[in-house]
Amino acid sequence: MMHLYKSIDNILKHQPETWLAYLHGQQLRNMPHLTRTPPLFRGLWLQLVKFFLIMLRLFSFRRGLDCSTAKFLFFCGSLNQQNSLNTTIESLKNRGESIVIVSTSNLARNEEADHYLSIRFSFLDICNSLILLVKKGPALYRELNNIHPVAVSWYFSNFCSVYLYLCYFYRVLESLRPEFVVTANDHSAPNRCMLAVACELKIKTVYMQHASVSNLFPALQVHYAFLDGQYAMDIYQNCVKNRVPSDKKPPNTKILLTGQKKTLTRSFALKKNIVGVALNALDHADDAIKLVKKLLSLDLTVRLRWHPGQSDSDIKKYLTAFRGEARVSLSNPVNEPVAEFMGKIGWLVAGNSSIHLEAALSGVIPIYYTIAGSDLHDYYGYVRHGLASLARTPEEIIKIVNETNDTYNDNIEPIRYYSSTYLTEWDGKEGQLVAECLVRISRNQSLPIEMVSLDNPTSKVSI
């Protein structure tokens, strides 16, 4: 066990808990919505209770893993992450490459058991994480209390989970010894813990962007980053300032622009008067219902799609509010892929969400509208860069719909700024492109597209 504690001590020396739990440890003051609504478990002791409940919910008596080795290990922490990784995973499987996908049990439930490994904490994982909590928890508590007291009373369980995920991923990666670990998220605690453990074990790390990014994101600290387009590269160059000061030897990140990787179907045939309303996790159900009813009063037909992270109580409100309303249909993201949703609408109304890019790539007209205002206006720059039209009121939404109900304005350059493969030879084959690059990198072969260094993006670099 001593090598485990020594390795984790070394990881935490370069990547402290407040950086592994990045959003709550580094950006709490810059994201007001995180401190606006008190959670159910408030206070240090209830946060510790929440941490213990997480451990127990994912505890398993099974000690072994379902596989012995894998060349590529993918981690899917959410449905959106999984959707962005699927095309690459399928392409690698078709090539006969050995892969394993670590995911939460609800994502793995309907997938092939021989490739999916559900996160399950062993007895030793729990014991080791508790030992780490006892050793390091008091100092962590004092540090967080100085940074932002809410970090302790509302989110201390998130920081405790760092010890749990470090122990879990150390066990899994040390056992499987993949050549590459691949993640589609660089700011959530489980994903960052996996990347930190992989670096400690000298395993190559890969980041595949799953959604649009912002200046609040952490600096890239992976060996290879497959970004959607130039916008993401520009943002990550600015995010260098968000680098861990104690990490003196971060990987020299090599970047490839490979386009948006979710499966989408493009159609430029507008569905007149059918407007999609896509909610994000911060939208309040009552405000969303008011918006839809207003659009109905203005003679539009609406397809409402809630966020996968919205609560069951909010979903029940939508079902109740629009039961029997012929001009409102509901889209459940669990059952209806985003491509199917886009195929049924002509316009997309949403706030700060990457679904705007998916709409534009699908031939749907994106309209940026925040349902109840936003602390971070135009968070991803869609309006600023010309990808989405801005509407401040429901009446302005109607105006945009009326002005564009005959023709579709194909904004190639704004779309390509966010997704570099748009209307190129790799359009619709982005997952295959990433798989091809990964295989060639593993074989030290030349790549089909240019690769650059984040530190020097103007010159091409070799593998």
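Reader: Where does Phe41 lie?

Author: Phe41 is in the loop between helix H3 (22-26) and H4. Helices (H or I, at least four residues) and strands (E, at least two) are DSSP runs, numbered from the N terminus. The model is predicted, so local features need pLDDT of at least 70 and side-chain atom pairs count only at pLDDT 80 or more, while totals for chains, interfaces and linings use all residues. Residues are numbered from 1 along each chain as its sequence is written, and side-chain values use heavy atoms, with hydrogens and water left out.

Reader: Why is Phe41 called partly exposed?

Author: Its relative accessible area is 24%. Buried means under 20% and exposed over 50%, with partly exposed in between (1.4 Å probe, protein chains only). Phe41 falls in between, so it is partly exposed.

Reader: What does Phe41 touch, not counting residues up to four places away in sequence?

Author: Contact means heavy atoms within 4.5 Å. Phe41 touches Leu46, Gln47, Val49, Lys50, Leu53, Ser153 and Trp154 on that count. Tyr417 is another matter: the C-alpha atoms of Phe41 and Tyr417 are separated by 42 Å, and the two are 376 residues apart along the chain.

Reader: What makes Arg95 and Glu436 a salt bridge?

Author: A salt bridge needs a side-chain nitrogen of Lys or Arg within 4 Å of a carboxyl oxygen of Asp or Glu. Here N to O is 1.9 Å. That is within the limit, so the pair counts. Arg95 sits in the loop between helix H5 (79-94) and strand E2 (99-103), and Glu436 in helix H18 (residues 430-442), so the bridge ties together parts 341 residues apart in sequence.

Reader: Buried or exposed: what is Glu436?

Author: Glu436 has a relative accessible area of 18%, so it is buried. Arg95, at 37%, is partly exposed.

Reader: How do you know that Asp286 and Lys317 form a salt bridge?

Author: Their closest N and O atoms are 3.6 Å apart. That passes the cut-off, so it is a salt bridge. Asp286 belongs to helix H12 (residues 285-297) and Lys317 to helix H13 (residues 312-321), 31 residues apart. Asp286 is partly exposed at 43%. Lys317 is partly exposed at 37%.

Reader: What makes Glu395 and Lys294 a salt bridge?

Author: The closest N and O atoms are 3.4 Å apart. That too is within the limit, so the pair qualifies. Glu395 lies in helix H16 (residues 394-403) and Lys294 in helix H12, so parts 101 residues apart in sequence are tied together. Glu395 is partly exposed at 41%. Lys294 is partly exposed at 34%.

Reader: How many salt bridges are found in the whole structure?

Author: The search finds 17. Arg303, Arg305, Glu336 and Lys344 are linked in a network of them.

Reader: Why are Leu46, Val49, Leu53 and Leu56 called a nonpolar patch?

Author: Patch residues have over 30% relative accessible area and no salt bridge; like charges are joined within 9 Å, nonpolar side chains (Val, Leu, Ile, Met, Phe, Trp, Tyr) within 5 Å. Val49, in helix H4 (residues 44-57), has 37% relative accessibility and counts as partly exposed. Its value is over 30%, so it passes that test. Together the four residues have about 360 Å² of accessible area, by the Shrake-Rupley method with a 1.4 Å probe, where for residues only the protein chains shown count as cover.

Reader: Why is His148 called buried?

Author: His148 has a relative accessible area of 13%, which is under 20%, so it is buried. His148 lies in the loop between helix H7 (123-147) and helix H8 (149-153). Leaving aside neighbours within four places in sequence, His148 is in contact with Leu28, Arg29 and Thr35.

Reader: What makes the phi of Arg177 worth a remark?

Author: Most residues other than glycine have a negative phi. Arg177 is not a glycine, yet its phi is positive, about 45°. Arg177 lies in the loop between H9 and strand E4 (180-183), and is partly exposed at 44%.

Reader: Which value does phi of Asp378 take?

Author: Phi of Asp378 is near 50°, positive in a residue other than glycine. Asp378 is in the loop between strand E12 (365-368) and strand E13 (389-390). Its relative accessible area is 6%, so Asp378 is buried.
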